[in-house]
Amino acid sequence: YLSRIPPRMTPSKVKSLLSDFGTITRVYLVEEDKTVRKKRRKAGGSGGKRYTEGWAEFESKKRAKEAGEALNMSRITNHKGSVHYDD
């Protein structure tokens, strides 16, 4: 379970990040509410899709637990130039 998805993070990016821990069979991300997106665009924000939460299914339950333990409360990237650095 992914409780928060950073802005500009796509399902393919999530799959590529998690594939280091094992084979991913499916990634499902919940899009933000249409009214929230409309308000954000009206206020001058980006019009791109954003996701609120998601799920990733691994081929192995053991690999899923290892990924959860390793990634819990950790940064997505250590590259300061990345858009996901502070997420």
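**Note on the predicted model**

1. Arg40 is found in helix 2. The structure discussed here is a predicted model, not an experimental one. Is Arg40 buried or exposed? Arg40 counts as buried, because its relative accessible area is 13% and the cut-off for buried is under 20%. Leaving aside residues up to four places away in sequence, Arg40 touches Glu32, Gly45, Ser46, Gly47, Gly48 and Arg50.

2. Arg50 is one of those contacts of Arg40. Arg50 sits in the loop between helix 2 (34-42) and strand 2. With a relative accessible area of 27%, Arg50 is partly exposed. Its contacts, again without residues up to four places away in sequence, are Pro7, Val30, Glu31, Glu32 and Arg40.

3. For orientation, the protein chain has three helices and two strands. Read from the N terminus on, these elements follow the order α-β-α-β-α. Of the 87 residues of the chain, 20% count as buried. Contacts between residues at least 6 apart in sequence are joined across at least 24 residues in 59% of cases. The chain exposes about 6,700 Å², and carbon and sulfur atoms supply 50% of that area.

4. Which residues make up the largest nonpolar core? There are nine of them: Ile5, Met9, Val14, Leu18, Ile24, Leu29, Tyr51, Phe58 and Ala67. Helix 1 (11-18), strand 1 (24-31) and strand 2 each supply at least two residues of this core. In soluble globular proteins, nonpolar side chains tend to be buried together.

5. Val14, a member of the core, touches Leu2, Met9, Val27 and Leu29 when residues up to four places away in sequence are not counted. Met9 and Leu29, named among these contacts, also belong to the core.

6. The structure holds two aromatic pairs. One of them is formed by Tyr1 and Trp55, whose ring centres are 5.5 Å apart and whose planes make an angle of 55°, a tilted arrangement. This pair links distant parts of the chain: Tyr1 lies in the segment before helix 1 and Trp55 in strand 2, 54 residues apart. Why is the pair called tilted? The angle of 55° falls between the limits of 30 degrees for stacked and 60 for edge-to-face, so the pair counts as tilted.

7. The two partners also carry separate labels for accessibility. Tyr1 counts as exposed at 59%, whereas Trp55 is partly exposed at 36%. Trp55 belongs to strand 2, which covers residues 51-58. Together with Tyr28, Tyr1 and Trp55 form one aromatic cluster. Tyr1, Tyr28 and Trp55 also form a nonpolar patch on the surface, with about 390 Å² of accessible area together.

8. A backbone point remains. Most residues other than glycine have a negative phi. Arg8 is not a glycine, yet its phi is positive, at about 65°. Where in the chain is Arg8 found? Arg8 is in the segment before helix 1. Arg8 is exposed, because its relative accessible area is 53% and exposed means over 50%.

Technical notes: Residues are numbered from 1 along each chain as its sequence is written. This is a predicted model: local features need pLDDT of at least 70, side-chain atom pairs count only at pLDDT 80 or more; totals for chains, interfaces and linings use all residues. Side-chain values use heavy atoms; hydrogens and water are left out. Patches are made of residues with over 30% relative accessible area and no salt bridge: like charges are joined within 9 Å, nonpolar side chains (Val, Leu, Ile, Met, Phe, Trp, Tyr) within 5 Å. Accessible areas come from the Shrake-Rupley method with a 1.4 Å probe; for residues, only the protein chains shown count as cover. A salt bridge is a side-chain nitrogen of Lys or Arg within 4 Å of a carboxyl oxygen of Asp or Glu. Helices (H or I, at least four residues) and strands (E, at least two) are DSSP runs, numbered from the N terminus. A nonpolar core is a set of buried Ala, Val, Leu, Ile, Met, Phe, Trp, Tyr and Cys residues joined through side-chain atoms within 4.5 Å. Buried means under 20% relative accessible area, exposed over 50%, partly exposed in between (1.4 Å probe, protein chains only). Contact means heavy atoms within 4.5 Å. Rings of Phe, Tyr and Trp (its six-membered ring) pair if their centres lie within 6.5 Å; planes under 30 degrees apart count as stacked, over 60 as edge-to-face and the rest as tilted.
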